[in-house]
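Colleague: I'd like to learn how to read helix packing and pockets in a model. Could you walk me through an example?

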Amino acid sequence: MLGDVPPPIPRLSADDRRAQIIEAVTPAVLEHGAAITSRQLAEAAGVAEGTLFKAFGDKESLLVALADHHLDAADWAAEQARLEHGSLEEMLTTTVDAMVGRMRFIFRLVMALGPIGQRCAQARQGELESSKARLAERFEPYRDRLRVAPLAAADMTRTLAWAAASGWGDTAPSVTAADVVQVLLHGIGSAAAPALVDQEA
């Protein structure tokens with residue numbers, strides 16, 4: 001009705017406010033690394049420096065919180081688990097593309113944060129096994145099409161996805177997500193290539 005007063009906009013909780021700041025400053029952190037100043041962080045977040053200190057305490061605490069926020073794979077894994085797939089190729093294409101994108105981002109983040117990023121990543125090493133188990137569950141429905149156990153398929157997928165994501169330090173990675181899918185499904189040999197001869201035969 002005309003004249004009605006709109007309801008007040010709900011205030012963000014402290015955790016939501018911190019998450020909002022982290023998302024806002026992430027591009028600046030990727031650009032400047034751990035050497036970024038509190039002033040640059042405040043400008044990127046669109047808040048006063050005092051607001052940053054109130055939310056995080058100091059700059060290093062903010063950078064640690066930022067690393068932990070992005071390294072936490074729980075939300076990402078849950079989102080991926082909700083995706084529905086048809087064929088094994090469809091599942092691999094969707095999964096590998098998402099993994100390579102995430103790994104590239106994490107690689108850039110850890111490199112930008114230097115020792116801070118490395119410490120935070122090291123503290124989460126235990127999560128690697130659980131992430132491999134979750135990935136293996138995606139292979140389970142296709143077990144009859146696999147030449148290896150789902151857990152081994154998960155390990156190989158993660159290894160190849162990391163190769164595509166990191167490029168092993170090359171300026172331009174030579175392996176794409178699509179390459180990873182093709183190798184996982186068909187190997188590296190061309191169907192038209194002659195069979196390899198056993199040198200010891």
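This is a predicted model: local features need pLDDT of at least 70, side-chain atom pairs count only at pLDDT 80 or more; totals for chains, interfaces and linings use all residues.

Colleague: Which residues of α4 and α6 make the contact?

Modeller: On the α4 side you'll find Leu63, Leu66, Ala67, His70 and Leu71, and they meet Arg102, Phe105, Ile106, Leu109 and Leu113 of α6. Sorted by class, the residues of this contact are eight nonpolar, one polar and one charged.

Colleague: How do I describe the way two helices pack?

Modeller: Two packed helices are described by the angle between their axes and the distance between the axes. Here, helix α4 (residues 59-71) packs on α6 at an angle of about 165°, and their axes are 11 Å apart. Angles over 145 degrees count as roughly antiparallel, so α4 is roughly antiparallel to α6.

Colleague: How do α1 and α3 pack, and is their crossing left-handed or right-handed?

Modeller: The angle between α1 and helix α3 (residues 49-56) is about 125°, with the axes 10 Å apart. So α1 and α3 are oblique to each other, and their crossing is left-handed. Arg17, Arg18, Ile21 and Ile22 of α1 make the contact with Thr51, Leu52, Ala55 and Phe56 of α3. By class, that contact of α1 with α3 has five nonpolar residues, one polar and two charged.

Colleague: Now for pockets. How do you find empty space in a model?

Modeller: Rolling a probe the size of a water molecule over the atoms shows where empty space is left. Take the second largest pocket, which holds about 450 Å³ of space. Its lining has 16 residues, and Arg147, Val183, Leu184, Leu185 and His186 lie nearest its centre.

Colleague: Which element gives the largest share of that lining?

Modeller: α10 does, with four residues. The lining of this second largest pocket divides into 10 nonpolar, three polar and three charged residues.

Terms used
Residues are numbered from 1 along each chain as its sequence is written. Side-chain values use heavy atoms; hydrogens and water are left out. On a 1 Å grid over the protein atoms alone, a cavity is a set of points where a 1.4 Å probe fits but cannot get out, and a pocket is an open set with protein on both sides within 12 Å along at least five of seven lines; lining residues have an atom within 4 Å of a point. Grid points are joined across faces, edges and corners, and a volume is the space filled by probe spheres set on the points. Helices (H or I, at least four residues) and strands (E, at least two) are DSSP runs, numbered from the N terminus. Ala, Val, Leu, Ile, Met, Phe, Trp, Tyr, Cys and Pro count as nonpolar, Asp, Glu, Lys and Arg as charged, and the others, Gly among them, as polar. Axes are lines fitted to C-alpha atoms, for helices over the stretch in contact, and angles run from 0 to 180 degrees between N-to-C directions. Angles under 35 degrees count as roughly parallel, over 145 as roughly antiparallel, 65 to 115 as roughly perpendicular and the rest as oblique. Contact means heavy atoms within 4.5 Å. A crossing is left-handed if the near helix is turned anticlockwise from the far one by less than a right angle, and right-handed if clockwise.
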